Amino acid sequence: MRTLVVYFSLEGSTEKVANMIAQETGADMVKLETVKHMTQNGPLKFLSHGRRVVMKEKTALKNGKMDLAKYDRIFIGSPVWAGGLSSPVYSLLCDNDFSGKKVYLFACQMGETSNIFDLMRGNLKGAEVLGNMNFSMVKKQEDTQLKERIHNFCAAI
């Protein structure tokens with residue numbers, strides 16, 4: 001079974017988790033790349049990205065339209081922005097057909113649990129979503145804790 005991990009990461013937490021999932025599963029990896037640079041610091045980051053989430057704006061991606069035919073199983077990862085789905089991952093979900101794919105979702109956030117997985121499921125076209133995993137405060141967790149959670153999650157699928 002061929003596996004893909006596709007994700008967006010602005011500050012590195014989602015990328016860290018994506019790398020661990022790929023190592024655990026032997027998956028190919030794709031990091032979503034935006035056409036325009038996304039602000040990473042200060043209050044503009046929260047205003048700009050939060051507005052995109054609230055307005056359900058798509059973000060132009062360099063690699064957003066994907067050939068998913070060769071993959072049976074796909075892990076999709078997003079940071080949580082303003083309690084919602086990051087605009088690059090929203091764009092990925094809107095612009096691709098996941099029909100017949102087994103999909104697993106993961107998200108990284110700093111705060112409380114959000115409804116991000118419901119938002120992701122609502123935008124996946126034709127996928128069979130088989131599981132999800134939420135990660136809070138990734139940068140403050142020990143790698144061994146993260147790896148153990150990821151190992152247990154992947155072992156169960």
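Helices (H or I, at least four residues) and strands (E, at least two) are DSSP runs, numbered from the N terminus. This briefing describes a predicted model, in which local features need pLDDT of at least 70 and side-chain atom pairs count only at pLDDT 80 or more, while totals for chains, interfaces and linings use all residues. Residues are numbered from 1 along each chain as its sequence is written, and side-chain values use heavy atoms, with hydrogens and water left out.

**Nonpolar cores**

- A nonpolar core is a set of buried Ala, Val, Leu, Ile, Met, Phe, Trp, Tyr and Cys residues joined through side-chain atoms within 4.5 Å; buried means under 20% relative accessible area, exposed over 50%, and partly exposed in between (1.4 Å probe, protein chains only).
- The largest nonpolar core has 26 residues, of which I74, I76, L93, F98 and M120 touch the most other members.
- Two or more residues of this core come from each of β1 (3–7), β3 (73–81), α3, β5 (102–109) and α4 (116–123).
- Helix α3 gives the largest share of this core, 5 residues.
- Another core, of 18 residues, lies apart from this one and has I21, F75, F106 and F153 among its members.
- Contact means heavy atoms within 4.5 Å. Leaving aside neighbours within four places in sequence, I76 is in contact with V6, V89, L92, L93, F98, V103, Y104, L105, F106, M120 and L124.

- Helix α3 (residues 87–95) is largely enclosed by the rest of the structure, because 8 of its 9 residues are buried.
- The buried residues of α3 are S87, P88, V89, Y90, S91, L92, L93 and C94.
- Strand β5 is also largely enclosed by the rest of the structure, because 7 of its 8 residues are buried.
- Strands β5 and β6 (residues 128–136) run parallel and are joined by 8 bridges; two strands pair if DSSP finds at least two bridges between them.
- Within this pairing, A107 has N134 in β6 as its bridge partner.

**Helix α1**

- The expected span of a helix is 1.5 Å times one less than its number of residues. For helix α1 (residues 13–25), the 13 residues should span 18 Å at 1.5 Å a residue, which agrees with the 19 Å between its end C-alpha atoms.
- S13, T14, V17, A18, M20, I21, A22 and T25 are buried in α1.
- An α-helix has 3.6 residues a turn, so residues three or four places apart point the same way.
- T25 belongs to helix α1, and its side chain reaches the backbone oxygen of I21 at 2.8 Å.
- Not counting residues up to four places away in sequence, T25 touches T3, R73, F75 and C154.

- V6 lies in strand β1 and counts as buried, at 2% relative accessibility.
- V6 and V30 are 24 residues apart along the chain, yet their C-alpha atoms are separated by 4.7 Å.
- Not counting residues up to four places away in sequence, V6 touches V30, L32, M66, I74, F75, I76, G77 and L92.
- T34 is found in the loop between β2 (28–31) and α2 (42–54), and is buried, with a relative accessible area of 13%.
- With residues up to four places away in sequence not counted, T34 touches F8, T59, A60, L61, K62 and P88.

**Aromatic rings**

- Rings of Phe, Tyr and Trp (its six-membered ring) pair if their centres lie within 6.5 Å; planes under 30 degrees apart count as stacked, over 60 as edge-to-face and the rest as tilted.
- By this rule the count is 2 aromatic pairs.
- F75 and Y104 form a stacked pair, at 5.1 Å centre to centre and with 25 degrees between the planes.
- This pair links distant parts of the chain, since F75 in strand β3 and Y104 in strand β5 are 29 residues apart.
- F75 counts as buried at 1% relative accessibility, and Y104 counts as buried at 5%.
- The pair of Y104 and F153 is edge-to-face, because the ring centres are 6.1 Å apart and the planes are at 85 degrees.
- Y104 lies in strand β5 and F153 in helix α5 (residues 143–155), so this pair ties together parts that are 49 residues apart in sequence.
- Ring pairs link F75, Y104 and F153 into a cluster.

Note on methods:
Polar contact = N/O pair within 3.5 Å; in protein donor to acceptor, adjacent residues only side chain to side chain.
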